[in-house]
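Here is a quick tour for anyone meeting this structure for the first time. Have a look at the model, then work through the points below.

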Amino acid sequence: MTDVLITAVELADLLKTEPCVIVDTRNPDAYAAGHLPNAVNVHEIFTFLATSTPEGISELKTKFADAFGGAGLSGKETAVIYEQSMNSGFGQSCRGYYLLTMLGYPKIKVLHGGFDAWAGAGFPVTKDVPAPAKASFSIVPEAGEILIDAKAMLGAVGKPGIAILDVRDVDEWIGDSSSPYGKDFCPRKGRIPGAVWLEWYRMMKPTAEGPRFKSKDEILAECATVGISTTTPVYLYCFKGARASNTFLALKNAGVKDVRMYFGSWNEWSRDPSLPIEQGLPVAPGVTTKAA
């Protein structure tokens, strides 16, 4: 896999040589206060709550094919996605990367360090709002294999060889809170049975310029702590597929070959009482043996 992450300096050079469409995933107020030149604001990349029913997946694909086409992505341009920084927006730029990948878009970059990295390097920002020409965005159906539904996740529960990886914050993992939107936003608290846990922040580390992804070897070392290697099939989830997208990018960039995401995540799973959950404090035995 070619590195998806691009530095601010590399992006400034890329813009001189290739057609790019820059997508700002931040909220409209942040966008209005200043953004990269010609960046298009698509905040729904972060806010949209998906379900994994056939109708829900169809709606997800159609909605974002329209949104990305509206931003001017035709397949010829490199899509460049950014957020404020790498750990302040719950992985929203990576959610854009995941959605584009799931739809089969061929050329995608994520600005490493986000808007803060660009502005901090002294590159120009603007309040001017572009008017991109709508493009025809084609969906590649087979690319959608990285998206799994609740049925597929349920089928992985108790199945040796597949690592169900929960990347939510610790209060959600231990069942103290149901979501980042509030402790009782969802009807049930807990986790998917047999899941192992790597809090999504562990994919990054602080630097003098702000949070950045760890190196490939450092990511693989984190994965090894829960029994995940480059050949382990990994089924990711979080609350709605944003933080899990951050981990998806990290694992793919580190060379983990088969990574899929349950995009409906806890927001969907917890609302179906027929789906099993684990509650109470996690117990260590069985974690690494489950994912090994």
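A residue counts as buried with under 20% relative accessible area, as exposed with over 50%, and as partly exposed in between (1.4 Å probe, protein chains only). Pro130, at 24% relative accessibility, therefore counts as partly exposed.

This is a predicted model, in which local features need pLDDT of at least 70, side-chain atom pairs count only at pLDDT 80 or more, and totals for chains, interfaces and linings use all residues. Residues are numbered from 1 along each chain as its sequence is written, and side-chain values use heavy atoms, with hydrogens and water left out.

**Loops and who sits beside whom**

- Pro130 belongs to the loop between helix 6 (114–120) and strand 6; helices (H or I, at least four residues) and strands (E, at least two) are DSSP runs, numbered from the N terminus.
- Pro130 and Asn38 are 92 residues apart in sequence, yet 5.4 Å apart in space, C-alpha to C-alpha.
- Asn38 has its own loop, between helix 2 (28–33) and strand 3 (40–41).
- Is Asn38 buried or exposed? Asn38 is exposed, with a relative accessible area of 58%.
- The backbone of Asn38 has a phi near 70 degrees, which is a positive value in a residue other than glycine.
- Phe90 also has a positive phi without being glycine, near 55 degrees.
- You'll find Phe90 in the loop between strand 4 and helix 5, and Phe90 is partly exposed at 31% relative accessible area.
- Ser88 is in the loop between strand 4 (78–82) and helix 5 (92–103), and with a relative accessible area of 43% it is partly exposed.
- Between the C-alpha atoms of Ser88 and Pro211 there are 9.3 Å, while 123 residues separate the two along the chain.

**Salt bridges**

- Side chains of opposite charge can pair when their charged atoms come close.
- How many salt bridges does the structure hold? There are 14, where a salt bridge is a side-chain nitrogen of Lys or Arg within 4 Å of a carboxyl oxygen of Asp or Glu.
- One of them joins the side chains of Asp3 and Lys216, at 3.2 Å from N to O.
- Asp3 lies in the segment before strand 1 (5–6) and Lys216 in helix 9 (residues 216–224), so this pair ties together parts that are 213 residues apart in sequence.
- Asp3 is partly exposed at 37% relative accessible area, and Lys216 is partly exposed at 39%.
- Asp13 and Lys16 also form a salt bridge, with their closest N and O atoms 3.9 Å apart.
- Both Asp13 and Lys16 sit in helix 1 (residues 8–17), three residues apart, or about one turn of the helix.
- Asp13 counts as partly exposed at 42% relative accessibility, whereas Lys16 is exposed at 68% relative accessible area.
- Arg168 and Asp166 bring their side chains together in a salt bridge of 2.8 Å, N to O.
- Arg168 counts as buried at 0% relative accessibility, and Asp166 counts as buried at 0% too.
- Asp169, Glu172 and Arg243 are linked in a network of salt bridges.

**The cavity**

- Rolling a probe the size of a water molecule over the atoms shows where empty space is left.
- A search of the whole structure turns up one cavity of 30 Å³ or more.
- On a 1 Å grid over the protein atoms alone, a cavity is a set of points where a 1.4 Å probe fits but cannot get out, and lining residues have an atom within 4 Å of a point.
- The largest cavity holds about 40 Å³ of space, a volume being the space filled by probe spheres set on the grid points, which are joined across faces, edges and corners.
- Which residues line the largest cavity? Among them are Ala50, Ile57, Leu60, Leu147, Ile148 and Phe263.
- Helix 4 and strand 6 (147–148) each give at least two residues to that lining.
- By class, the lining has six nonpolar, three polar and no charged residues; Ala, Val, Leu, Ile, Met, Phe, Trp, Tyr, Cys and Pro count as nonpolar, Asp, Glu, Lys and Arg as charged, and the others, Gly among them, as polar.

Technical notes
On a 1 Å grid over the protein atoms alone, a cavity is a set of points where a 1.4 Å probe fits but cannot get out, and a pocket is an open set with protein on both sides within 12 Å along at least five of seven lines; lining residues have an atom within 4 Å of a point.
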